[in-house]
Amino acid sequence: MKNYKCQKCDASFNEQTAEHQEAGKHIKIVCPVCGFYIGFAQTADELGKNYVIEFGKHSGKTLGEIEASEPGYIAFLARGRGKVARYCQKRLESKNTNRNRQLAGKNQK
Ligand SMILES: [Zn+2]
């Protein structure tokens with residue numbers, strides 16, 4: 001996990017506690033204390049994939065790992081609220097987008 005230090009207010013935080021703002025396909029990291037711009041993170045897709053959940057039967061695993069072992073659980077989480085649900089929705093969305101792209105590719109031939 002990446003650690004960050006705010007250059008403006010000196011607050012220390014990491015990838016998971018940082019404040020994230022969506023900017024198109026990318027994620028902006030801002031200081032959770034003062035809102036100072038820190039930099040760009042991974043794409044929303046990657047961020048969700050590497051996000052470790054801390055509750056439930058898959059506690060301690062990343063969403064990517066859960067997706068690989070029990071895709072239905074991602075769909076279940078996506079119906080909830082908050083950050084985790086949003087990431088799960090992204091995971092499902094990106095999956096659908098990839099599938100649609102593959103289908104589109106096939107149709108073109
Ligand atoms: Zn700050």
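Which residues make up the largest nonpolar core of the protein? In this predicted model, the core has 12 residues in all: Ala18, Ile27, Ile29, Leu47, Tyr51, Ile53, Leu63, Ile66, Ile74, Leu77, Tyr87 and Cys88. At least two of its residues come from each of strand E4 (26-30), helix H2 (63-69), helix H3 (71-78) and helix H4 (82-108). Domain 1 (1-43) and domain 2 (51-109) each contribute at least three residues to this core. In soluble globular proteins, nonpolar side chains tend to be buried together.

Once its neighbours within four places in sequence are set aside, Leu63 is in contact with Gly48, Lys49, Tyr51, Ile53, Ile74, Tyr87, Cys88 and Arg91.

Four helices and five strands form the secondary structure of the protein, and from the N terminus on the elements follow the order β-β-β-β-β-α-α-α-α. The protein is divided into domain 1 (1-43) and domain 2 (51-109), and the centres of the two domains, taken over C-alpha atoms, are separated by 23 Å.

For the protein as a whole, the C-alpha trace spans about 55 × 35 × 20 Å along its principal axes. Of the 109 residues, 17% are buried. Among contacts with a separation of 6 or more, 25% are accounted for by residues 24 or more positions apart.

Notes:
Residues numbered from 1 in each chain as written. Predicted model: local features only at pLDDT ≥ 70, side-chain atom pairs only at ≥ 80, totals over all residues. Domains from an automatic or database assignment. Core = buried A, V, L, I, M, F, W, Y, C linked by C-beta atoms within 7 Å. Buried ≥ 20, exposed ≤ 12 C-beta atoms within 10 Å, placed from the backbone. Contact = placed C-beta atoms within 7 Å.
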